[in-house]
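Dear colleague,

I am passing on the structure we spoke of, with the sequence alongside.

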Amino acid sequence: MIAFPGPPGMHAVPPLVYKAEAYEEGDRFRERVWTCSHAHQTVEESLRCGNEWLARHDDHVSESA
Ligand SMILES: [Zn+2]
């Protein structure tokens, strides 16, 4: 299971730049299993990016370049 905790701004990211991140649910260390390579201007964008990544990895993991 992969979950997105609240706004990414809680992490050490520069203000006004957001990155979509995925965490292993149940991992108490909150180790990132994925981070997008973009620099989103809004939380909404990063969340959408994360959701797209989730959707791609939800059923069968596939290489989509
Ligand atoms: Zn992104």
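**Confidence and what was found**

In this predicted model, confidence is highest in helix 1, which covers residues 43-58 and has a mean pLDDT of 91, and lowest in strand 1, residues 2-3, where the mean is 64. Taken over the protein, the average pLDDT is 78, and 66% of the residues score at least 70, a point to keep in mind when reading the rest.

As for the fold, the protein contains 1 helix and 3 strands, and along the sequence these elements come in the pattern β-β-β-α. Of its 65 residues, 9% count as buried. When the contacts between residues at least 6 apart in sequence are considered, 35% of them join residues that are at least 24 apart.

Which residues is His38 in contact with, once its neighbours within four places in sequence are left aside? They are Lys19 and Cys49. With Lys19, which lies 19 residues away along the chain, the separation between the C-alpha atoms is 6.3 Å.

With best wishes

Technical notes. Residues are numbered from 1 along each chain as its sequence is written. This is a predicted model: local features need pLDDT of at least 70, side-chain atom pairs count only at pLDDT 80 or more; totals for chains, interfaces and linings use all residues. pLDDT is the predictor's confidence in each residue, from 0 to 100. Helices (H or I, at least four residues) and strands (E, at least two) are DSSP runs, numbered from the N terminus. A residue is buried if 20 or more other C-beta atoms lie within 10 Å of its own, exposed if 12 or fewer, and partly exposed in between; C-beta atoms are placed from the backbone. Two residues are in contact if their C-beta atoms, placed from the backbone, lie within 7 Å.
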